[in-house]
Amino acid sequence: MTTLPRPPFTITVEAGPGTVQLRLVGDLDYETSDELVRQVEECLADHPHPRDLRLNCAQLQLCDSMGVSALLLTHRRTDARGVRLHLDNPPSFLERILEITGTRQLFMPAAGTHRAESAHTDESS
């Protein structure tokens, strides 16, 4: 059996006034979750007073239980510093994981995500 190579997990950091954005690409899992936590800690140290930390998840391919754990640890770290944590462009699988685990409310919704949830709620009424 041939094992297919995994795409690399990468994090790209973009800082602006009051905001730091991390663009996540690949699989957030057992092997890569520590990298996210480390990068978040470095960003909070390098940019000591951001109002918002945004995780752009549009190119996230997978998130396992260790990935969820890394997101929760990131929430604890940002919350302790008074920084709002946003999950932008979460893929549907990530939305489902957060919904099932009851953790979605910990992450500030992006404007588009909020509207999509409201529309879904209206349809199911």
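Is Cys-57 buried or exposed? Cys-57 is buried, because its relative accessibility is 0% (buried means under 20% relative accessible area, exposed over 50%, and partly exposed in between, with a 1.4 Å probe and protein chains only).

## The model and its confidence

This is a predicted model, in which local features need pLDDT of at least 70 and side-chain atom pairs count only at pLDDT 80 or more, while totals for chains, interfaces and linings use all residues. Residues are numbered from 1 along each chain as its sequence is written, and side-chain values use heavy atoms, with hydrogens and water left out.

The protein chain has a mean pLDDT of 86 (pLDDT is the predictor's confidence in each residue, from 0 to 100), and 85% of its residues reach 70 or more. Where pLDDT is low, the predicted coordinates should not be read in detail.

## Overall layout

The secondary structure of the protein chain comes to four helices and five strands. Helices (H or I, at least four residues) and strands (E, at least two) are DSSP runs, numbered from the N terminus. Along the sequence they follow the pattern β-β-α-β-α-β-α-β-α.

Of the 125 residues in the protein chain, 39% are buried. Among contacts between residues at least 6 apart in sequence, 64% join residues at least 24 apart.

Strand 1 (10-16) and strand 2 (residues 19-28) pair in the antiparallel sense over seven bridges (two strands pair if DSSP finds at least two bridges between them). Glu-14 stands opposite Gln-21 in strand 2. The two strands form a hairpin with two residues between them, and Gly-18 in the turn has a positive phi of about 75 degrees.

Pro-8 lies in the segment before strand 1. Pro-8 counts as exposed because its relative accessibility is 59%. Not counting residues up to four places away in sequence, Pro-8 touches Val-25 and Gly-26. The C-alpha atoms of Pro-8 and Asp-27 are separated by 7.8 Å, and these residues are 19 apart along the chain.

## The nonpolar core

Which residues touch the most other members of the largest nonpolar core? They are Leu-22, Leu-24, Leu-36, Leu-55 and Leu-71, in a core of 25 residues. A nonpolar core is a set of buried Ala, Val, Leu, Ile, Met, Phe, Trp, Tyr and Cys residues joined through side-chain atoms within 4.5 Å. Strand 2, helix 1, strand 3, helix 2, strand 4 and helix 3 (92-101) each supply at least two residues of this core.

Leaving aside neighbours within four places in sequence, the contacts of Leu-22 include Ile-11, Val-13, Leu-36, Val-40, Cys-43, Leu-53 and Leu-55.

## Salt bridges

Side chains of opposite charge can pair when their charged atoms come close. A salt bridge is a side-chain nitrogen of Lys or Arg within 4 Å of a carboxyl oxygen of Asp or Glu. A search of the whole structure finds six salt bridges. One of them joins Arg-77 and Glu-41, with the closest N and O atoms 1.9 Å apart. This pair links distant parts of the chain, since Arg-77 is in helix 2 (residues 65-80) and Glu-41 in helix 1 (residues 33-46), 36 residues apart. Arg-77 is partly exposed at 26% relative accessibility, and Glu-41 is partly exposed at 35%.

Another salt bridge joins Asp-52 and Arg-84, with the closest N and O atoms 2.7 Å apart. Asp-52 lies in strand 3 (residues 52-63) and Arg-84 in strand 4 (residues 84-88), so the pair ties together parts that are 32 residues apart in sequence. Asp-52 is buried at 8%, whereas Arg-84 is partly exposed at 40%. Arg-54 and Asp-88 also meet in a salt bridge (2.7 Å, N to O). Arg-54 is in strand 3 and Asp-88 in strand 4, 34 residues apart. Arg-54 is partly exposed at 22%, and Asp-88 is buried at 7%.

## Cysteines

A disulfide is a covalent bond between the sulfur atoms of two cysteines. Here the cut-off is a pair of cysteine sulfur atoms within 2.5 Å, and the structure holds zero disulfides. Cys-57 is in no disulfide, and the nearest cysteine sulfur, that of Cys-63, is 8.1 Å away. Cys-43 is buried, with a relative accessibility of 4%.

Terms used. Contact means heavy atoms within 4.5 Å.
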